[in-house]
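Please find below my notes on the model, arranged as numbered points for a reader who will want to check each one against the coordinates.

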Amino acid sequence: MAANLSTSTSSAPTKDQPNSFFRTWYVHVVNGLSNNKILLVHCKSKDDDLGEHHLSVGSETQWHFKLNLIKSTLFFCYMASESDHVHVRLDVFWDDPKLFYMCNWEQCIWIAKDDGIYLTNIPDKNDSFMNGWETGSVLLANSTIV
């Protein structure tokens, strides 16, 4: 299930919104799980497969990019905790002014916690719950189901 921050279709910058097209964007996925649980993260876009990462608690994977010419840049991630048999697939970057605001026009910080996935709302200084975990089998990159 993808996070949905906005129903707005306007992407024109306002006085408080810098032009998103020329910016370098950074996306972070952080393991905020408890009890030393490993977080499996596999992120992709239409053009790039960023690979599978096994993150220990407190560690992260990150990448940076610029929006494509038609502003259709989309990154999504599959995240899973093998020990809890929970997983989720969600969009972590798309062209949306409300997402851009929460990311403070530069840094989108996604945190996997025990109860779900949060996006750090940098200007408001809080973590916003975005998606709960789904229970069931976890799919690993080598097609192993655990």
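1. A disulfide is taken here to be a pair of cysteine sulfur atoms within 2.5 Å. The model is a predicted one, and by this rule the count comes to 2 disulfides. With the bonded cysteines counted along the chain, these disulfides follow the pattern 1-2, 3-4.

2. One of the disulfides joins Cys43 to Cys77, with an S to S distance of 1.9 Å, and the angle of 105° about the S-S bond makes this link right-handed. The pair links distant parts of the chain, since Cys43 belongs to strand β2 (residues 39-45) and Cys77 to strand β5, 34 residues apart. As buried means under 20% relative accessible area, Cys43 counts as buried at 3%, and Cys77 likewise counts as buried at 0%.

3. The other disulfide joins Cys103 to Cys108, where the S to S distance is 2.1 Å. The link of Cys103 and Cys108 is right-handed, with 110° about the S-S bond, and both of these cysteines are buried.

4. Turning to the rings, the structure holds 9 aromatic pairs. In one of them, the rings of Trp25 and Phe93 have their centres 5.2 Å apart and their planes at 55°; because planes under 30 degrees apart count as stacked and those over 60 as edge-to-face, this pair is classed as tilted. The pair links distant parts of the chain, with Trp25 in strand β1 (residues 25-31) and Phe93 in strand β6 (residues 86-93), 68 residues apart. Trp25 has a relative accessible area of 0% and is therefore buried, and Phe93, at 0% relative accessibility, also counts as buried.

5. A further aromatic pair is formed by Phe65 and Phe75, which is tilted as well, at 4.6 Å centre to centre and with 40° between the planes. This pair, too, links distant parts of the chain: Phe65 lies in strand β4 (residues 60-65) and Phe75 in strand β5 (residues 75-81), 10 residues apart. Phe65 is buried, with a relative accessible area of 10%, and Phe75 counts as buried at 5% relative accessibility.

6. Which residues do ring pairs link into a cluster? The cluster is made up of Trp25, Trp63, Phe65, Phe75, Phe93, Phe100 and Trp105, so that both of the pairs described above, Trp25 with Phe93 and Phe65 with Phe75, have their members listed in this cluster. As a separate matter, Lys113 lies over the face of Tyr118, at 4.5 Å from the ring centre.

7. Is Leu74 buried or partly exposed? Its relative accessible area is 33%, and Leu74 is therefore partly exposed, since that term covers values between the 20% limit for buried and the 50% limit for exposed.

8. Leaving aside neighbours within four places in sequence, Leu74 is in contact with Lys44, Ser45, Lys46, Asp91, Phe93 and Trp94. Among these, Phe93 is the residue whose ring pairs with that of Trp25. Leu74 and Asp95 are 21 residues apart in sequence, and their C-alpha to C-alpha distance in space is 7.5 Å.

Terms used: Residues are numbered from 1 along each chain as its sequence is written. This is a predicted model: local features need pLDDT of at least 70, side-chain atom pairs count only at pLDDT 80 or more; totals for chains, interfaces and linings use all residues. Side-chain values use heavy atoms; hydrogens and water are left out. Rings of Phe, Tyr and Trp (its six-membered ring) pair if their centres lie within 6.5 Å; planes under 30 degrees apart count as stacked, over 60 as edge-to-face and the rest as tilted. Helices (H or I, at least four residues) and strands (E, at least two) are DSSP runs, numbered from the N terminus. Buried means under 20% relative accessible area, exposed over 50%, partly exposed in between (1.4 Å probe, protein chains only). A charge sits over a ring if NZ of Lys or CZ of Arg is within 6 Å of the ring centre and within 35 degrees of the ring normal. Contact means heavy atoms within 4.5 Å.
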